[in-house]
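Here is a short report for a reader who is new to this structure. Take a look at the sequence and the fold, then read on.

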Amino acid sequence: MMLLQVQEVTKRFGGLQALSDVTFELPEGQILGLIGPNGAGKTTLFNVLNGVFAPNKGRVIFRGEDITGLPPYDVARRGIARAYQVVRPLNDLTVRENVMVGGCFGRECLSLGQAASGAEEVLAVVGLLDRADQLASSLNVAQKKRLELARALGSRPYLLLLDEVLAGLNPSEIAAMLETIQKIRAGGITILMIEHVMQAVMNVSDRVIVLDYGQVIAEGLPEEVVNNPLVIEAYLGDPKLTQRLIEG
Amino acid sequence: MKTRLRFGYLLPLAIILVWGVWVLLKGEDTLRETTFTVFMFIGMASSLNILLGYTGYVSFGHIVFFGLGGYFGFYLVSQHNLALIPASLAGGALSGALAGLLGLAVLRLRGAYFALATIGINEAARAFVSNFGPFGGATGLFVQFSAYEAYGGAGPALWTTFIYLWLVTLVVLLASSLVKSSRFGLGLMAIREDEDAAMVMGVKAPRAKTIAFMISAFFPGMIGTLYFFKNGNVEPGDAFQLHMSIEALVMIMLGGMGTVFGPMLGAVTYQGLRGYLLTSPIFKSLHLAVSGVFLLVIILFIPAGVVGWIRHRIPLTRKLLE
């Protein structure tokens, strides 16, 4: 079953064409990597998917239902959760309460008690259980990234949008985070992830799509995409020219 | 752990309960009057705290709900001979309804813009009431002495009013505890910390904020009715005093915003201090200046307030103070 269908989504900010006719589908249970140079429109696409922005044109179909233009809280209740690129912990609440917000107001609208026990499970998955009663502000960056993930998971979503959860982590933290992401997928959650750490995207994604200047320029298996001349050009400029530069 | 948590919520209720009983047993008029003022501010600060402390929205003009709700309730008592309880409920309902309508418009604003809009609303309400015939215009309204007869004369009427205020204060503290310990309250606190992130997590921020605003406006309307009834008259200058809003903010900040116990502690402390300042020969005309300095010092050095500071320093108290 197609979990998410994005059809000809277009978003303009004044004269800036942030997304033009973006179309793709995401089957249930997959990890789809979303890559592209800075300013390609990846985060804007996330903002359209979870209702922060309404698109100028096009439709977003989630589990067979048109969710285009719904406000973010209605999208969240249908089962889409998001982890931000720049961490946004609820600083004055404890780690557990942060995750409970996801549980209480996400897809299942749990009661406080149910959300608290759900939060324990999720915190165990991401490895933050021993910090459950600390204030979120007391965590370090890597832990805040994990909290961001835990909060999204706390709502027990069908689809998880991960916006550069690996950015700013050191190699061992990246390895641990990738393991966590695999674990989440194994738990039956579909993932759409924006990532700049190429090696990581290539390792965990089932498929990859590439955005450049708001357009999908390539789509396919990770190894196909990295060898696509259009993709190389988007990242490095003209491939022939690059080749010549490298060869001196 | 559960029972100790409940203790934190019961403590403020128990204190007010015992305090009220003590005043009733003593039966002294002056004690009743000073306690009336303290309870009034506990109620005001605690209800404002639902908006400020839990939701993170600063309302400078919150006194408008005290003034307007109080005016309406007093109007019903003095002009239509309505009994005090239904009249004060009506005053609260008017304030709550007004907050609901305003909320739809001004809760779109964030931070300083919202705070400024609330000041504007207070001034607009004062101007409106000053020119509104049924409310007596600039001269206001007063109670016919015969209205007190239903309560057994003027003296007993004051005691009855005190008992009502005491009950309202208890209900405010109960509401504050219930909001804080509920799923709804968790949503409000998520809004306080990061409204956009909260919405992405599924919190219906526009609705939750409006409901919080309505709750925090309802009780001041009730309290206003009781206060004006006790005074026997109401006029625009008394009803919409902006500095009372600011004083309520100082109390919340002093005691600890976002806690149940904090606004109460702040109100008691601030009223005690104010009582001293007003009677001391040196400070008597400077009490507002002193409270300004107070606010500055609190924000600079103990932004979490007394309760927040204690909870932070002594982990044991986290289970005992909410």
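What share of the contacts in chain A with a separation of 6 or more comes from residues 24 or more positions apart? The share is 65%. Two residues are in contact if their C-beta atoms, placed from the backbone, lie within 7 Å.

## Ground rules

This is a predicted model, in which local features need pLDDT of at least 70, side-chain atom pairs count only at pLDDT 80 or more, and totals for chains, interfaces and linings use all residues. Residues are numbered from 1 along each chain as its sequence is written, while chains are lettered from A and ligands numbered from 1 in the order in which they are written.

## Chain A as a whole

Chain A has 10 helices and 10 strands. Both are DSSP runs, numbered from the N terminus: helices are H or I with at least four residues, strands are E with at least two. The radius of gyration of chain A is 18 Å, close to the 18 Å that the globule rule gives for 248 residues, so chain A is as compact as a globular protein of that length. That radius is taken over C-alpha atoms, and the globule rule is 2.2 Å times the number of residues to the power 0.38.

The C-alpha trace of chain A spans about 60 × 40 × 35 Å along its principal axes. Of its 248 residues, 45% count as buried. A residue is buried if 20 or more other C-beta atoms lie within 10 Å of its own, exposed if 12 or fewer, and partly exposed in between; the C-beta atoms are placed from the backbone.

## A four-stranded sheet

Chain A holds an open sheet of 4 strands in the order E2-E1-E4-E5, with antiparallel pairing. Two strands pair if DSSP finds at least two bridges between them. The edge strands are E2 (16-27) and E5 of chain A, and each pairs on one side only.

Start at the E2 side. E1(A) and E2(A) pair antiparallel over 8 bridges, and A:Val9 has A:Val22 in E2(A) as its bridge partner. E1 (residues 2-13) of chain A is also joined to E4 (residues 57-62) of chain A by 5 bridges, again antiparallel. There A:Leu4 stands opposite A:Phe62 in E4(A). A:Phe62 also has a bridge partner in E5(A), namely A:Glu65. E4(A) and E5 (residues 65-66) of chain A pair antiparallel over 2 bridges. Their hairpin has 2 residues between the strands, and A:Arg63 takes a positive phi near 50° in it.

## Two domains in chain A

Chain A is assigned domain 1 (1-70 + 159-167 + 190-248) and domain 2 (80-157). These bounds come from an automatic or database domain assignment. The C-alpha centres of the two domains of chain A lie 26 Å apart.

Where do the domains touch? In chain A, 13 residues of domain 1 are in contact with 11 residues of domain 2. On the domain 1 side, helix H1 (42-49) and strand E7 (159-163) of chain A each supply at least two residues. E7(A) gives the most to that side, with 5 residues.

## Chain B as a whole

Chain B has 14 helices and 2 strands. The radius of gyration of chain B is 19 Å, close to the 20 Å that the globule rule gives for 322 residues, so chain B is as compact as a globular protein of that length. Its C-alpha atoms fill a box of roughly 55 × 45 × 40 Å, taken along the principal axes.

Of the 322 residues of chain B, 50% count as buried. Residues 24 or more positions apart account for 78% of the contacts in chain B with a separation of 6 or more.

## Where the chains meet

22 residues of chain A are in contact with 16 residues of chain B. Helix H2 (72-77) and helix H3 (95-105) of chain A each supply at least two residues of the chain A side. H3(A) gives the most to that side, with 6 residues.

## The largest nonpolar core

The largest nonpolar core has 170 residues. Such a core is a set of buried Ala, Val, Leu, Ile, Met, Phe, Trp, Tyr and Cys residues joined through C-beta atoms within 7 Å. Those with the most contacts inside it are A:Val101, A:Val210, B:Val203 and B:Ile223. Helix H9 (residues 205-231) of chain B gives the most to this core, with 16 residues.

Not counting residues up to four places away in sequence, B:Val203 touches residues of chain A and chain B, among them A:Tyr73, A:Val101, A:Phe105 and B:Ala208.
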